[in-house]
Amino acid sequence: MSGHKGFLDHYHELIGTWTRKLRSRQQAEDLTHDAFVRVLENPNERVEQPRAYLHQTARNIAVDGFRREDRRQALELEAFADGAANGSDPEAYVHALELADSVERALAELPLNCRRVFIWQKLEGLTQAEIAERMGLTKNMVEKYMIRTLRHLREHCRPDESGDPIVQTARARSRGRAGGQLVRPGPGGAA
């Protein structure tokens with residue numbers, strides 16, 4: 001922990017800076033917490049300028065959050081438009097939004113690498129080989145992260161009548177319903 005003392009000296013400064021930028025102390029505290037978790041998860045990394053490193057880490061997390069929120073809003077709007085165009089009922093739309101919230105909460109419980117693998121493969125359409133290269137891992141390890149994530153989602157998301165939230169989302173996508181873009185088949189058609 002002594003190697004992280006330089007980081008801890010900047011805790012309150014980071015909260016202050018991000019409170020001003022985000023105009024929300026709660027969001028700034030969450031962001032600061034996430035930045036510290038990310039820094040502390042890499043204990044072997046030598047950092048010459050802890051203050052700059054923390055601020056850049058927080059900035060990266062904030063940008064990722066804004067991108068994720070933008071993507072989520074775009075998917076909701078697209079789902080709404082698709083639902084209106086296809087004549088699907090409002091209950092299906094609300095159900096898809098609830099499922100998306102459920103998936104988002106369950107993903108937040110997982111380690112960062114599991115979340116990255118899931119998002120990059122299922123939302124951005126990267127192959128497992130591309131993800132492995134991007135993360136500096138073997139394809140086998142990426143597959144293990146995906147399996148762990150899918151099991152976690154099955155255990156923690158509200159199931160539909162099929163009993164499987166992943167199956168429900170895939171069915172919704174194949175019918176062109178709202179929220180169906182959450183789970184996209186990977187290479188070879190496997191989900």
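In helix 3 (residues 25-40), R25 and E29 lie four residues apart and are therefore separated by about one helical turn. The side chains of this pair meet in a salt bridge in the predicted model, with an N to O distance of 3.1 Å. R25 has a relative accessible area of 48% and is classed as partly exposed. E29 is likewise partly exposed, its relative accessible area being 28%.

The total count of salt bridges comes to two. A further pair is formed by R51 and E13, whose closest N and O atoms are 2.6 Å apart. This pair links distant parts of the chain, 38 residues apart: R51 belongs to helix 4 (residues 50-86), whereas E13 belongs to helix 2 (residues 11-22). With a relative accessibility of 45%, R51 counts as partly exposed. E13 also counts as partly exposed, at 28% relative accessibility.

Q128 is located in helix 7 (residues 128-135). The relative accessible area of Q128 is 13%, and the residue is therefore assigned as buried, since the buried class comprises values under 20%.

Notes:
Residues numbered from 1 in each chain as written. Predicted model: local features only at pLDDT ≥ 70, side-chain atom pairs only at ≥ 80, totals over all residues. Heavy atoms only, no water. Salt bridge = Lys/Arg side-chain N within 4 Å of Asp/Glu carboxyl O. Helix = DSSP H or I, 4+ residues; strand = E, 2+ residues; numbered from the N terminus. Buried < 20%, exposed > 50% of the residue type's maximum accessible area, 1.4 Å probe, protein only.
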